[in-house]
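I opened the model to look at one chain and at the place where it meets its partner. My notes are below.

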Amino acid sequence: MNPLLEREKGLLELERRIDDLRSANEGQRIDMSAEIASLESKYRQLLAEVFGSLSPWEKVHMARHPRRPTTLDYIAGLDSFDELHGDRMFRDDPAIVGGFARLGGHSIVAIGQQRGRDMKENLARNFGMSTPEGYRKGERLALLAERFNLPLVTFVDTKGADPGILSEEHAQSEAIAASLEVFAALKVPTLAVVIGEGGSGGALALAIADRVLMLEHSVYSVASPEGCAAILWGDASKADEAAAHLKLTASDLRGFGIVDEIIPEPLGGAHRDAAGTVTRVLDRIGAILDLLEAYSLADLLAARYDKYRRLGSWRDAVAGSDGAT
Amino acid sequence: MPMADWLRGGRNREKMRDDAAQWVKCPSCGEVLYRPDLSANLDVCSRCSHHFRMHAHDRILSLVDGDFEEIARGVLPADPLAWSDKKSYPQKLAADAAKSGMDEAVLCGFGRIGGYDLALGVMDFHFRGGTMGSVVGERLTRLIEAATDRGLPCVIFTASGGARMEEGMLALMQMAKTTAAVVRLKASAQPFVTVLTDPTTGGVSASFAFQADIILAERNAMIGFAGRRVIEQTIRQRLPDRFQTAEFLLERGHIDGVLDRPNVKPTLERILGYARAGVQRRQRAELSA
């Protein structure tokens with residue numbers, strides 16, 4: 001159970017009362033606007049209390065909020081979308097969706113990780129955890145973008161790659177490794193948006209890009225906090241502690257140079273204005289695609305190489321100075 | 001640097017004079033082995049052929065003919081997340097350095113194997129479980145770039161538990177960084193070969209380990225993306241013993257071959273020979289064109 005849902009309950013209750021009062025107030029002789037204003041002020045206060053400053057662990061829950069917009073919500077906001085299926089080898093992994101799309105005058109290829117919005121969809125989509133077939137579909141569609149000389153936009157939202165028996169038997173490592181190779185050198189402009197949870201190599205497989213954007217309350221981490229706590233301390237229940245250590249928030253990652261731009265969310269999270277968030281994200285994507293058109297392919301590829309080449313933090317004992325980042 | 005001098009600067013062998021440390025029990029068959037004999041046998045049990053995890057210095061010594069010119073040894077770990085749990089990250093690094101004689105989880109440099117010059121990287125599980133942080137990523141990237149620039153084959157021995165948690169996303173990004181370098185190497189004529197040793201998992205298996213032109217593995221090495229424990233917890237059942245072994249991966253078509261340790265060097269020599277023949281053929285074609 002997501003603890004944010006519990007904390008949102010009081011807010012939703014207040015919202016309902018304000019709405020009730022408003023509709024009761026219309027056409028009434030007694031003016032209740034003073035009561036409404038007072039409730040509204042209480043509401044704003046509560047909203048700031050609940051969501052004003054989120055801890056890293058709370059941001060993880062925000063990123064996993066069941067009502068947070070998912071890849072398909074952004075895809076629904078595109079001007080057109082034609083889905084393309086399958087890895088041409090074994091199956092169509094529903095945890096990754098992709099296809100041709102139009103956005104703000106650009107024809108693009110869009111690919112995203114799709115978690116479920118309820119239990120039924122989560123079961124169908126394996127909680128957004130891709131199998132090797134999903135990564136091979138993504139790789140195929142990325143190469144299709146290159147073949148048709150179209151920019152590539154990816155939406156990142158996964159706890160991580162599927163850790164199951166079949167995924168191992170079908171070479172999960174190879175699938176992710178091959179996807180990284182394709183994204184690192186794809187000969188078209190590329191843009192990735194972390195819209196929810198970016199979990200480990202399974203997220204990175206779709207996230208090497210010329211520009212990486214991240215929604216304010218999304219998280220992006222070397223391992224899920226539960227996984228990290230299990231690896232380091234043999235105790236997944238210490239996930240909140242791990243989340244605090246991992247530096248997985250958008251502002252942390254902007255500081256490291258891993259994320260290029262943070263897209264603000266409404267107070268209380270993207271789901272409190274889902275339509276507005278989708279529009280804002282798609283507008284930014286369109287604007288950045290405009291911007292990337294100004295670069296030659298050679299410049300784009302050189303800049304992409306240099307961006308990842310610089311990432312890391314080390315001491316240089318010979319030069320006596322600290323490494324990049 | 002002459003091999004003898006390089007080793008002196010490397011692993012501390014003095015500890016081994018301690019009598020108790022002279023005998024090792026094979027975890028597979030229980031045989032008690034005399035350590036100098038074990039070392040002479042490439043850390044392979046003389047009774048059951050169990051492959052012990054090799055230290056990087058010993059591995060290089062067993063592979064390289066003549067000198068080894070180490071690169072990027074000045075690249076040393078920092079503490080970008082100011083990580084501290086039971087111990088601070090710098091304390092963990094210091095403890096592993098004292099225990100393993102390594103200053104990080106990989107050694108990189110130039111050497112010669114059977115007449116072939118090459119760029120060689122060797123990971124060491126004894127330092128932080130071979131995990132990849134910024135130093136492993138930077139040293140390997142410099143190695144791969146140097147191979148590309150100098151026109152040398154690149155061979156990497158992997159041994160890794162994956163990305164290093166204590167460096168967070170900067171560790172994950174080393175997958176992207178090494179990948180970008182591998183793509184450039186593979187656009188050249190030179191071969192990229194990996195030898196997966198026990199264990200090779202997570203962010204290392206899901207990046208350069210499985211990006212090589214030729215992927216070999218040592219006998220019985222554990223190789224996979226997700227760790228065994230994670231999978232067992234997810235599916236709530238015990239996995240078969242052979243799952244994720246080198247032999248299992250060979251059957252499934254994921255790797256080119258499984259080798260006993262004594263066969264690794266001669267096999268590498270032959271592969272480097274095939275690749276050089278291709279390079280020379282290309283050069284001849286360019287000359288006559």
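This is a predicted model: local features need pLDDT of at least 70, side-chain atom pairs count only at pLDDT 80 or more; totals for chains, interfaces and linings use all residues.

Entry 1

Entry 2. I looked up the secondary structure of chain B and found 10 helices and 11 strands.

Entry 3. I checked the dimensions of chain B. Its C-alpha atoms fill a box of roughly 65 × 45 × 45 Å along the principal axes. The radius of gyration is 19 Å, and a compact globule of 289 residues would have one near 19 Å, so chain B agrees with that expectation.

Entry 4. I looked at burial next. In chain B, 49% of the 289 residues count as buried. I also checked how far apart in sequence the contacts reach. Of the contacts in chain B with a separation of 6 or more, 68% are between residues 24 or more positions apart.

Entry 5. I turned to the contact between the chains. Chain A puts in 48 residues and chain B puts in 46 residues. On the chain B side, strand 4 (75-77), helix 5 (134-150), helix 6 (168-186), helix 7 (202-205) and helix 8 (228-235) each supply at least two residues. Helix 6 of chain B gives the largest share of that side, with 14 residues. By type, the chain B side divides into 27 nonpolar, 15 polar and four charged residues.

Entry 6. Which strand of chain A pairs with strand 4 of chain B? I found strand 9 (residues 314-316) of chain A there, antiparallel to strand 4 of chain B over three bridges. In this pairing I noted A:R315 opposite B:L76 of strand 4.

Conventions:
Residues are numbered from 1 along each chain as its sequence is written. Chains are lettered from A and ligands numbered from 1 in the order in which they are written. Two residues are in contact if their C-beta atoms, placed from the backbone, lie within 7 Å. Helices (H or I, at least four residues) and strands (E, at least two) are DSSP runs, numbered from the N terminus. Ala, Val, Leu, Ile, Met, Phe, Trp, Tyr, Cys and Pro count as nonpolar, Asp, Glu, Lys and Arg as charged, and the others, Gly among them, as polar. Two strands pair if DSSP finds at least two bridges between them. The radius of gyration is taken over C-alpha atoms; the globule rule is 2.2 Å times the number of residues to the power 0.38. A residue is buried if 20 or more other C-beta atoms lie within 10 Å of its own, exposed if 12 or fewer, and partly exposed in between; C-beta atoms are placed from the backbone.
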